[in-house]
Amino acid sequence: MVQSERILIHEVGLRDGLQIEAQAVPTERKLDWIARLAGAGLRMIQVGSFVNPQKVPQMADTDELFRRLAAAERPPGVVYTGLVLNERGLERGLACGVDYFCMGVSASETHSRKNTGMSTGEAAGRIIAMGRAAAAAGKGVQVSVQSAFGCGFEGAVPPARVLDLVRRFAEAGLTTVSLADTAGHANPAQVEALFAAVRALDGRLSMTCHFHDTYGMGLANAYAAYRAGVTSFESAFGGLGGCPFTAVAAGNVCTEDLAHLLARMGAGAGLDIAAVAEVTKDAAAFFGRSLPGVIHRTGPIPYPAG
């Protein structure tokens with residue numbers, strides 16, 4: 001099965017999913033998971049982040065992973081993405097063959113300083129310059145507003161603060177924008193309202209959503225984003241993950257659960273859900289614990305929706 005032209009699922013399990021794990025995943029196993037996820041129909045896979053390995057040890061092999069992937073034959077249409085937080089990370093990514101750069105700014109001052117050591121204003125200026133540099137180098141670029149729906153440290157985040165960052169991105173020509181629910185505080189009504197406000201800012205904007213399931217509302221929020229016209233979703237196989245620099249870390253929306261939801265609505269994410277679930281089962285065995293996702297345990301509903 002091929003992924004629908006309408007719906008894109010950006011698999012972030014290898015980065016956002018693993019960054020919080022204490023048990024290091026060997027490079028060869030990561031490469032195996034990437035190959036299997038691509039074989040399941042995922043066409044955008046986040047391989048890792050270019051961060052200080054002392055702070056996030058799980059990402060210590062990101063450069064090697066990209067070099068290995070660049071040297072190997074890849075399935076047609078697959079894009080490998082990497083997260084960068086600063087200029088040094090961008091330099092590393094350009095040197096090892098990243099196709100598409102993801103970078104972002106937190107709408108929460110506290111989260112921004114914990115995550116990057118910079119204020120929101122300083123981070124925004126640097127990220128915009130980095131995004132333009134990556135685009136000038138012929139790379140794809142996505143910019144995000146982290147903690148867009150609330151912050152574990154500060155509580156509510158004013159929508160105006162989020163919209164101001166989106167406006168700055170758009171004015172700089174960076175029009176692929178993700179709203180990330182880093183703390184998992186979003187609710188469906190809030191999601192629909194904020195994405196509607198973003199859409200009204202600039203008709204050029206291509207919108208992506210990234211939800212965490214900290215309080216059990218991840219899939220509901222993804223559905224709300226879909227209702228608001230969002231067609232690009234970031235998720236992690238098995239529901240792995242969580243930001244290590246937020247107050248209460250919890251997993252991402254689960255890729256196979258999200259794909260199953262979309263398929264039941266006829267939205268056509270087009271993944272081989274069972275194949276993704278097998279990667280989740282492998283990860284659960286590796287970490288020696290049950291993972292948050294559901295479909296890898298129950299299997300998908302085996303008949304079309306009525």
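## Charges and overall form

How many positive and negative side chains does the protein have, and how far apart do the centres of the two sets lie? There are 27 positive and 28 negative side chains, and the centres of the two sets lie 2 Å apart. Please keep in mind, as you look around, that this is a predicted model.

The protein has 306 residues and a radius of gyration of 18 Å, which agrees with the value near 19 Å that a compact globule would have. Along the principal axes, the C-alpha atoms fill a box of roughly 45 × 45 × 35 Å. Twelve helices go together with eight strands in this fold. Among contacts with a separation of 6 or more, 74% join residues 24 or more positions apart.

## Surface and core

The accessible surface comes to about 12,000 Å², and carbon and sulfur atoms hold 53% of that area. As for burial, 56% of the 306 residues count as buried.

In soluble globular proteins, nonpolar side chains tend to be buried together. Here the largest nonpolar core has 93 residues, and the members that touch the most others are Leu-179, Phe-195 and Phe-211. Helix α11 (residues 273-287) gives this core its largest share, seven residues.

## Strand β7 and Thr-208

Strand β7 covers residues 206-211, and Thr-208 is found in it. Thr-208 has a relative accessibility of 2%, so this residue counts as buried, the cut-off being under 20%.

What is Thr-208 in contact with, beyond its neighbours within four places in sequence? The partners are Gln-142, Val-177, Ser-178, Leu-179, Phe-195, Val-230, Ser-232 and Glu-234. Val-230 is 22 residues from Thr-208 in sequence, with 6.2 Å between the two C-alpha atoms.

## Helices α9 and α10

The buried residues of α9 (218-227) are Gly-218, Asn-221, Ala-222, Ala-224, Ala-225 and Tyr-226. They pack against β6 (176-181), α8 (188-201), β7, β8 and α10. After α9 comes Gly-229, with a positive phi near 100°.

Is helix α10 (residues 255-264) largely enclosed or largely open? It is largely enclosed by the rest of the structure, because seven of its 10 residues are buried. Those residues are Thr-255, Glu-256, Asp-257, Leu-258, Ala-259, His-260 and Leu-262, so charged side chains such as Glu-256 and Asp-257 are on the buried list too. The buried residues of α10 pack against β1 (8-11), α9, β8 (232-235), α11 and α12 (295-298). Just after α10, Gly-266 takes a positive phi of about 75°.

## A loop residue, Pro-75

For a contrasting stop, visit the loop between α3 (62-71) and β3 (79-84), where Pro-75 has its place. Pro-75 has a relative accessible area of 29% and is partly exposed. Not counting residues up to four places away in sequence, Pro-75 touches Ala-38 and Tyr-80. Arg-43 lies 32 residues from Pro-75 along the chain, and their C-alpha atoms are separated by 8.7 Å.

Conventions:
Residues numbered from 1 in each chain as written. Predicted model: local features only at pLDDT ≥ 70, side-chain atom pairs only at ≥ 80, totals over all residues. Heavy atoms only, no water. Core = buried A, V, L, I, M, F, W, Y, C linked by side-chain atoms within 4.5 Å. Buried < 20%, exposed > 50% of the residue type's maximum accessible area, 1.4 Å probe, protein only. Helix = DSSP H or I, 4+ residues; strand = E, 2+ residues; numbered from the N terminus. Rg over C-alpha atoms; globule rule 2.2 N^0.38 Å. Contact = heavy atoms within 4.5 Å. Areas by Shrake-Rupley, 256 points an atom, 1.4 Å probe, with all protein chains shown as cover. Charge placed at Lys NZ, Arg CZ, Asp CG, Glu CD.
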